[in-house]
Amino acid sequence: MVQSNLKNYIINLILFFFITSIIFSQNEVTKGDFFLLGKNDLKEILRLGLLPEAYLKFKEMQNDAKKEGVEIEIVSGYRSYQKQKYIWNNKYNKNFKKGIFGIKNINRIIQYSTLPGTSRHHWGTDIDIIDKRFTPEGDLLIEKNYSENGIYSQLYRWMKKNSKKYRFYLVYDDSPKRKGFKFEPWHYSYKPLSMVFLKRFIEGNLLFEITQDSSLLGRQFIDNSFLESYLKENLLDINIDLK
């Protein structure tokens, strides 16, 4: 009995120091504006593209889902500023070649993709997920795959029922009142951290700095009026449970 109690005490002590170390490391790397803009190097601390606290809860969720036959796989977690800019510029060029110019090009991109520096994926709190048991024809992350008859329908139903227990919330839900980014049934956010980071981003007025990057394609069409609308409709008009 004494040995059992001692063993439990040692395990709990190790767990306490492990979690304390994780939280300290996490707090250090998430300081400052560079982190919020996706410009910090997080390689040493990320796990599956998530900050440690979010990773631990994700693994718990993943393990519980697997017991019920759903195999959650992250296909996109953390994205750096440079990665997001690559995605943005690539889409801008493709649209340009199709004859979509100026602000129309920008508005086409922001149906699903964020301006670099404003992505929630910069924070190590947000994930795009699939059910790895299935491989669709064509793109992974399209709405029909998560619909009632889609190959990820079981995943979507399981997440809808259970994800909030682990503090993961759908970001761009299908509420008819919501504007901005289109419905993304694959995109979830770890609320305890992402709410804090979004608040810091807004209070720091960081949005109006992103067009300073001369290599950002289309930046000449992004004025303050556009950014004010983008802030209201894209960055802030999200699932009400994440506000």
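Predicted model: local features only at pLDDT ≥ 70, side-chain atom pairs only at ≥ 80, totals over all residues.

A: Residues are numbered from 1 along each chain as its sequence is written, and side-chain values use heavy atoms, without hydrogens and water.

Q: Which residues of H4 are buried?
A: Buried means under 20% relative accessible area, exposed over 50%, partly exposed in between (1.4 Å probe, protein chains only). In H4 the buried residues are Tyr81, Gln84, Lys85, Trp88, Asn89, Tyr92 and Asn95. They fall within an arc of 130° down the axis of H4, so they line one face of the helix; the arc is taken from the directions from the helix axis to the C-beta atoms. Gln82, Tyr86 and Lys97 are exposed on the other side.

Q: How is a pair of aromatic rings described?
A: By the distance of the centres and the angle of the planes. Rings of Phe, Tyr and Trp (its six-membered ring) pair if their centres lie within 6.5 Å; planes under 30 degrees apart are stacked, over 60 edge-to-face, the rest tilted. The count here is 13 aromatic pairs. Phe58 and Phe168 have centres 6.4 Å apart and planes at 75°, so this pair is edge-to-face. Phe58 and Phe168 lie 110 residues apart in the chain.

Q: Are Phe58 and Phe168 buried or exposed?
A: Phe58 is buried, at 0% relative accessible area. Phe168 is buried, at 0% relative accessibility.

Conventions
Helix = DSSP H or I, 4+ residues; strand = E, 2+ residues; numbered from the N terminus.
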